[in-house]
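This report describes the fold of a single protein chain, from its sheet to its surface. Please consult the sequence and structure below.

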Amino acid sequence: MSKILLVEDDLPLSAGLCFELDTSGYLTVAAYHCRKALKQDVLKGFDYETGHCSGR
């Protein structure tokens, strides 16, 4: 199963995207800001990342 880190600050959009990805067989983790996204990526090592954090 592929792990996806979803970076999106719009909470309803993030929830909808995670729901769709989860029901399609992916493991998703939502990060609502870049600081959390960078921390999650270092801790868990994802296969895919969506979104963009400036300065990265």
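What is the order of the strands in the open sheet, and in which sense do they pair?

## Basis of the model

The model is predicted, so that local features require pLDDT of at least 70 and side-chain atom pairs pLDDT 80 or more, while totals for chains, interfaces and linings use all residues. Residues are numbered from 1 along each chain as its sequence is written, and side-chain values use heavy atoms, without hydrogens and water.

## Sheet

The three strands of the open sheet follow the order E2-E1-E3, and their pairing is parallel. Strands E2 (27–31) and E3 (48–50) form the edges, each pairing on one side only. From one strand to the next, the twist averages 20°. Pairing requires at least two DSSP bridges between two strands; E1 (residues 3–7) and E2 are joined in the parallel sense by five. Opposite Val 7 stands Ala 31 in E2.

## Helices and chain order

The chain contains two helices and three strands, arranged β-α-β-α-β from the N terminus. These elements are DSSP runs, numbered from the N terminus: H or I of at least four residues for helices, E of at least two for strands.

Helix H1 (residues 11–23) lies across E1 and E2 and runs at about 170° to E2. Such angles, on a scale from 0 to 180 degrees, are taken between N-to-C directions of lines fitted to C-alpha atoms, for helices over the stretch in contact.

## Contacts and surface

Among contacts (heavy atoms within 4.5 Å) with a separation of 6 or more, 55% link residues 24 or more positions apart.

Of the 56 residues, 27% are buried, meaning under 20% relative accessible area with a 1.4 Å probe, protein chains only. The accessible surface of the chain is about 3900 Å², with 56% belonging to carbon and sulfur atoms; areas come from the Shrake-Rupley method with a 1.4 Å probe.

Terms used:
Buried means under 20% relative accessible area, exposed over 50%, partly exposed in between (1.4 Å probe, protein chains only).
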